[in-house]
Amino acid sequence: MASQQNAALPAGLVLGGYRIVKKISSGGFSIVYLALDEANNPVAIKEYLPSSLVVRREGELEPSIVPQNLATFRIGLKCFFEEGRALARILHPNVVRVLNFFRANGTVYMVMQYEAGRSLQELIIRRRDTPGREYIIGEGTIRKIFSQVLNGLREVHANKLLHLDIKPANIYLRSDATPIMLDFGAARQTLTSEEEKLYPMYTPGFAAPELHAKEAALGPWTDVYSVGASIFACIAGSPPQAADARKQNDKMPAALKQHRSYYSSELLDLIGWCLKLDPLERPQSVFQVQKSLLEESEPEETLGFGERFKRFVGIADRRKADGSSSAAETDLPTDWR
């Protein structure tokens, strides 16, 4: 069946004790709604509705499934339900909080805590499109955001789950600038699963090369690749070259070199390490990435004159772009909050 846009549930519908307010977003796998619980507290509800397998038209509540898609739909339904149950056990400030999950309308719904803010992708786009900016997001902000993201990812991996779709669009920044990982819709593979693998829909540029090969082993190193790709997007304003294209003509080393004037060699080297095409050459755990991310940059007095001058020019450009007197950017810009 060709993929199509399924109709969202109508506003005002009461489902499992929650009243639908509006659709927040939709994709090929699910639809997310803003809803209110019985105490009128806002929640986000994610509906399992793969558009490649089912059809739901305006005015309908239950999707239509052709017989040849039924078995695949049920496998995905089971995984979605199990994912909700696994995520409900995770209580971490940097991981989306799952409050409830239930069956209705022939599918499954996951109820999550609603957070005010915007995605890291929205911030990247806004900064990228700001006239006069010489860089996208400052290194201090990048280190601060991703050190917290990695805290959450360590907890996810400790619970034998993989995310498998880490990207700026799935990293949400609360109003206080703390990040939270969203949309585990691709997390179909547990670290100890003995069942037949269900391979996720991947996002080109952010997906590790092993996600392109059905027989490749997936593990924490797969999420590590996506973390490196997401950090790269913060400095370049766009995703890195897709992994399958890199195997033919790898442009990433040259792409990283273009940002030496504004970012430390330590950060650029970390990105390159995470983006190794060979999984065995990448950090094998989130802890390794986090340790490197939290390490201080090389002291300036140990640098040569040429490198110090480039750093100075980069700092001056950053001050000019921000209109600030401080070279350090350890918090998100006030114009975003």
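Residues are numbered from 1 along each chain as its sequence is written, and side-chain values use heavy atoms, with hydrogens and water left out. Because the model is predicted, local features need pLDDT of at least 70 and side-chain atom pairs count only at pLDDT 80 or more, while totals for chains, interfaces and linings use all residues.

The description begins with the sheet. Six strands form an open sheet in the order β1-β2-β3-β4-β8-β7, with antiparallel pairing. Strands here are DSSP runs of E with at least two residues, helices are runs of H or I with at least four residues, and both are numbered from the N terminus; two strands pair if DSSP finds at least two bridges between them. At the edges stand β1 (14–15) and β7 (98–104), each of which pairs on one side only. Strand β4 is joined to β8 (residues 107–113) by five bridges, and the two run antiparallel. Within this pair, Val 43 stands opposite Gln 113 in β8. Helix α1 (residues 67–87) lies across β4, β7 and β8, at about 25° to β8. Such angles run from 0 to 180 degrees between N-to-C directions, the axes being lines fitted to C-alpha atoms, for helices over the stretch in contact; contact means heavy atoms within 4.5 Å.

The cores come next. A nonpolar core is a set of buried Ala, Val, Leu, Ile, Met, Phe, Trp, Tyr and Cys residues joined through side-chain atoms within 4.5 Å. Buried means under 20% relative accessible area, exposed over 50%, and partly exposed in between (1.4 Å probe, protein chains only). The largest core has 81 residues, of which Leu 120, Ile 142, Phe 146 and Ile 271 touch the most other members. Its largest share, nine residues, comes from α4. Beyond its neighbours within four places in sequence, Leu 120 is in contact with residues including Ile 137, Phe 146, Leu 173 and Cys 234.

The salt bridges complete the picture. A salt bridge is a side-chain nitrogen of Lys or Arg within 4 Å of a carboxyl oxygen of Asp or Glu, and by this rule there are eight. One of them joins Asp 183 and Lys 46 (2.6 Å, N to O). This pair links distant parts of the chain, 137 residues apart: Asp 183 lies in the loop between β11 (179–181) and α4 (220–236), and Lys 46 in strand β4 (residues 42–48). Asp 183 is partly exposed, at 30% relative accessible area, whereas Lys 46 is buried, at 2%. Another salt bridge joins Asp 250 and Arg 246, with their closest N and O atoms 2.9 Å apart.
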